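Trainee: Hi! Could you walk me through this structure, one piece at a time?

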Amino acid sequence: MRTDTGQVFKLEDYRPNDYLIPQTNLTFRLSPDATHVTALLTVERRDGVSVSAPLVLDGDGLTLKRIEIDGKKVKPADMLASPDQLTIFKPPAARRFQLLIETELAPAGNEALMGLYRSSHVYCTQCEAEGFRRITYFLDRPDILSVYTVRIEAMRDEAPLLLSNGNPVDKGDLGDGWHYASWHDPFPKPSYLFALVAGNLGQLADSFVTLSGRTVELGIYVEPGKEKLAGYAMDALKRSMKWDEEAFGREYDLDVFNIVAVSDFNMGAMENKGLNIFNDKYVLADQETATDADFANIEAIIAHEYFHNWTGNRITCRDWFQLCLKEGLTVFRDHEFSADQRSRAVKRIAEVRTLRAHQFPEDQGPLAHPVRPRRYREINNFYTATVYEKGSEVVRMIRTILGVDAFRAGMDLYFERHDGDAATIEDFIKVFEDASGRDLSQFALWYHQAGTPNLTISSTHNPAAREFTLEIEQSVPPTPSESRKRLMHIPLAFGLIGAGGKPVAYSGVEGASVEDGVIHVRKRRHMVRFSGVAERPAVSLNRGFSAPVTLAVEQKTDDQFFLARHDSDAFSRWQAFNTLLTDALIAAFREILGGKQPVFAARLTELAGSIAADETLEPAYRALALALPGEADIARDIGRNIDPDAIYAAREALALAIGTANRDAFSGLYERLADKAVFSPDAESAGRRALRNILLDYLALQPGGAALAAGHFQSATNMTDRAAALAVLAHRHHGSPEAIKALAAFETTYGSDPLVMDKWFQIQASVPGPQTVDTVKALTSHPAFSMGNPNRVRSLIGTFSSANQTSFHRADGEGYWFFAQTVLEVEKRNPQVAARLATALRSWRSLEPLRQAKAREALLSIAGAENLSADLRDIVERTLA
Ligand SMILES: [Zn+2]
């Protein structure tokens with residue numbers, strides 16, 4: 001484990017290394033406790049660099065066994081080797097030389113899951129961001145591109161399968177039960193994309209013929225016996241390969257493409273060249289074990305990692321400050337893929353919900369940072385919603401500003417100009433400027449400036465002058481270390497809507513540049529005047545969520561109800577209803593704090609009923625509309641002095657009011673939606689299940705609700721329905737005989753399937769109420785739970801801390817104390833997972849004063865622990881700052 005050196009890395013300090021490593025030959029002799037790695041590196045001094053420049057290689061906890069230059073042993077006086085660095089004081093005068101380094105590793109004891117480790121007896125690697133330096137000394141930075149040849153030697157019994165990047169070139173027997181395989185990757189790549197897998201795995205094989213007619217062998221490797229469960233992932237992979245050819249003109253480039261699923265993995269998946277390594281959660285699925293959400297995630301993540309082959313691998317990042325260059329862009333690409341495979345409107349709403357739930361709190365709290373950060377202490381902590389999700393929104397805005405054709409021309413230019421490069425955000429922006437002739441310098445602030453911009457908007461109509469005016473004012477709130485903000489270029493899509501939902505025409509516009517339904521907000525204040533507008537329109541704003549901003553709109557409630565029924569933009573229609581729900585919930589929250597019973601307007605509960613019954617809307621869309629804003633969403637909109645118990649009570653009261661007002665209609669619809677067809681994971685069938693399951697959630701609060709949910713649980717023919725019913729029983733009827741019975745039945749049926757048991761942990765960790773702290777404590781001793789496995793930790797501890805507002809924020813602080821102790825326990829094994837968990841307290845300053853004080857104490861207790869890792873110290877100190 002690397003302890004904190006306190007070193008801060010700064011963007012402005014970037015300079016190329018004095019040396020390059022054009023070729024890397026690696027030989028692994030695998031053994032759980034003593035793997036030998038021999039790296040033969042061709043090192044090249046860069047032009048103009050002095051011959052006396054030392055060569056300094058990165059390491060992390062390494063044991064050096066042998067070192068030679070051009071076949072000769074390096075004398076101890078000519079070098080300095082520590083576990084974390086190798087310095088060769090005076091490399092040979094020749095421009096190129098061969099450096100041989102042998103290191104010894106113990107993969108079986110590697111619980112941080114970075115570098116080379118073992119997961120269920122399978123050797124595997126994770127090198128992004130700085131894991132390669134845990135394998136051998138190297139220039140472990142993304143701008144060092146090298147051609148890799150890898151030879152793996154292992155006991156055949158222990159590891160019949162030997163995989164690495166690129167194409168297979170050789171294999172054979174070594175005697176004494178040993179064998180070997182060699183792989184060669186012709187594409188120069190940075191070390192973070194190196195991968196190796198060795199073990200006994202089952203294979204699902206298929207092939208794909210590319211646009212130019214080349215056949216690519218596809219393999220998905222899983223625990224033996226689980227091959228059947230990889231069918232959906234394989235299907236998603238083939239659809240991804242085809243889509244990237246059609247949508248971006250990108251063809252796959254190697255002869256093989258392999259995916260390996262492992263059960264211990266810090267992230268979702270990793271895009272290593274030609275050998276993607278996945279968390280098995282994002283590969284294995286069938287109707288019995290996976291929910292519709294799991295299927296959708298598998299499709300999206302398979303696509304994401306595959307798309308990285310061009311955006312990340314062929315064109316990589318110059319340094320880690322440019323992380324969004326590959327991540328924001330690739331998230332944008334996977335979002336587009338899913339939108340094309342599923343429903344565009346539903347996908348967009350889901351994306352925005354995710355952005356608001358994860359990125360907005362980051363941007364509005366102590367961990368705020370620009371999409372392209374300027375400094376970091378621990379790069380592992382910058383794999384954030386800001387880099388990924390907001391990074392994707394920034395790419396989307398470029399397309400909105402340029403239009404589809406110029407955007408595609410810019411992307412084509414990017415691939416043409418930068419293939420084989422380690423590029424920067426400046427390079428990326430430049431291709432769009434060159435392809436479109438537009439100036440994006442003000443727009444580029446989206447990469448450089450943190451914080452969620454706000455637009456305050458009001459409107460006036462002057463019937464005599466036939467003029468409609470929008471007054472728009474932008475502000476960007478201060479964020480840590482950026483107190484003064486510059487004005488942004490915000491593309492605000494809009495629509496003026498008249499009676500009956502028809503668009504209102506206007507004859508002219510002044511006060512801002514307006515094109516194709518988009519107002520380009522660039523100044524602090526715009527008065528946008530539309531002329532020739534006879535009747536007062538309702539205005540639909542930020543259509544399709546064209547910019548990741550918050551809006552403060554002065555709008556009549558009647559207009560909001562009108563838009564919730566008539567807006568022709570599906571996203572904005574959803575947004576109008578969601579805003580009405582949020583406003584009602586905030587009002588109810590205040591009434592509850594004032595000791596009153598909240599009352600909800602009849603027209604709001606009626607509107608919920610009419611949306612549920614509207615057959616012109618897709619079921620998935622109706623399900624999203626009926627999903628009330630989450631407790632954390634409401635808290636974010638309230639902003640400060642948060643009392644999670646009052647928010648919970650407000651939300652329950654609204655759910656009860658909507659269910660009561662629409663009981664018979666919901667009940668009838670629930671019956672009609674019962675699926676009699678054979679299970680299919682397609683989006684339309686999933687949408688029907690989603691709608692039916694949200695209706696169940698409302699009906700569960702009505703008389704007979706527990707029995708209805710218990711019946712739903714028992715008659716379920718797939719995991720989506722079964723898990724939904726279990727959650728409804730556990731949450732709405734906590735402690736009831738029906739809930740206890742269903743939890744026990746689920747445990748009995750799936751006790752030996754860790755991925756399904758994760759759902760069981762999640763459901764129990766999210767049960768509202770103070771008692772859940774004790775439940776979660778007890779579940780840490782459950783035989784299916786393990787502090788060493790990231791999926792288990794995230795299911796139980798992650799769900800408790802990020803998705804259980806009333807229990808985590810229990811008034812006596814017990815939730816925080818338990819959490820602090822658990823984070824420190826996880827950290828001993830896996831600092832990265834611990835640091836990610838700790839971000840659950842990032843919004844502590846928005847709590848009411850008593851909880852705030854208790855949360856701070858818990859954070860201080862983490863900060864005060866001895867030998868804190870760099871990962872965790874960085875998060876906790878920034879959260880407290
Ligand atoms: Zn990625």
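Mentor: Happy to! Let's begin with the metal: the zinc ion is coordinated by His304 (NE2), His308 (NE2), Glu327 (OE) and Glu327 (OE), at 2.0 to 2.7 Å. Keep in mind that this is a predicted model.

Trainee: Okay, and how are the donor residues of the zinc ion spaced in sequence?

Mentor: The pattern reads H-x3-H-x18-E. His304 belongs to helix α2 (residues 292-307) and Glu327 to helix α3 (residues 323-341), so this pair ties together parts that are 23 residues apart in sequence.

Trainee: Why is the arrangement of the four donor atoms irregular?

Mentor: Because the angles they subtend around the zinc ion run from 53 to 154°. To count as tetrahedral, four donors need all angles between 85 and 135 degrees.

Trainee: Got it. Are His304 and Glu327 buried or exposed?

Mentor: His304 is buried, and Glu327 is buried too.

Trainee: Let's switch to strands. How many of the residues of strand β19 are buried?

Mentor: Seven of the seven residues in β19 (residues 256-262) are buried, so the strand is largely enclosed by the rest of the structure.

Trainee: Which strand does β19 pair with in the parallel sense?

Mentor: Strand β18 (residues 215-222) pairs with β19 that way, over five bridges. One place to look is Glu217, whose bridge partner in β19 is Val256.

Trainee: And which strands run antiparallel to β15?

Mentor: Strand β12 (residues 146-155) is joined to β15 (residues 178-189) by nine bridges, and the two run antiparallel. Strand β14 (residues 167-175) also runs antiparallel to β15, with seven bridges between them.

Trainee: What happens in the hairpin of β14 and β15?

Mentor: There are two residues between the strands, and Asp176 takes a positive phi near 55° there.

Trainee: New topic: holes! How many cavities of 30 Å³ or more are there?

Mentor: The count comes to four. Let's take the second largest cavity, which holds about 40 Å³ of space.

Trainee: Which residues line the second largest cavity?

Mentor: The lining is made of Ala564, Arg573, Trp574, Phe577, Ile611, Leu617, Tyr621 and Ala625. By class, that lining has seven nonpolar residues, no polar ones and one charged. Helix α10 (570-593) and helix α12 (619-626) each supply at least two of the lining residues, and α10 gives the most, with three.

Trainee: And how much space lies in the second largest pocket?

Mentor: About 1,200 Å³. The second largest pocket is lined by 40 residues, and those nearest its centre are Gln7, Phe9, Asp58, Glu130 and Arg133.

Trainee: Which strand gives the most to the lining of that second largest pocket?

Mentor: That would be β4, with four residues. Strand β1 (9-10) and β4 (55-58) each supply at least two residues of the lining.

Trainee: How does the lining of the second largest pocket divide by class, and what are the numbers?

Mentor: There are 16 nonpolar, seven polar and 17 charged residues in the lining of that pocket.

Trainee: Thanks, I'll go and find these in the viewer!

Note on methods: Residues are numbered from 1 along each chain as its sequence is written. This is a predicted model: local features need pLDDT of at least 70, side-chain atom pairs count only at pLDDT 80 or more; totals for chains, interfaces and linings use all residues. Side-chain values use heavy atoms; hydrogens and water are left out. Donors are N, O and S atoms within 2.8 Å of the metal (3.2 Å for Na, K and Ca); water is not among the atoms, so sites may look incomplete. Four donors count as tetrahedral if all angles lie between 85 and 135 degrees; four count as square planar and six as octahedral if opposite donors are over 155 degrees apart and all others between 65 and 115; anything else is irregular. Buried means under 20% relative accessible area, exposed over 50%, partly exposed in between (1.4 Å probe, protein chains only). On a 1 Å grid over the protein atoms alone, a cavity is a set of points where a 1.4 Å probe fits but cannot get out, and a pocket is an open set with protein on both sides within 12 Å along at least five of seven lines; lining residues have an atom within 4 Å of a point. Grid points are joined across faces, edges and corners, and a volume is the space filled by probe spheres set on the points. Ala, Val, Leu, Ile, Met, Phe, Trp, Tyr, Cys and Pro count as nonpolar, Asp, Glu, Lys and Arg as charged, and the others, Gly among them, as polar. Two strands pair if DSSP finds at least two bridges between them.
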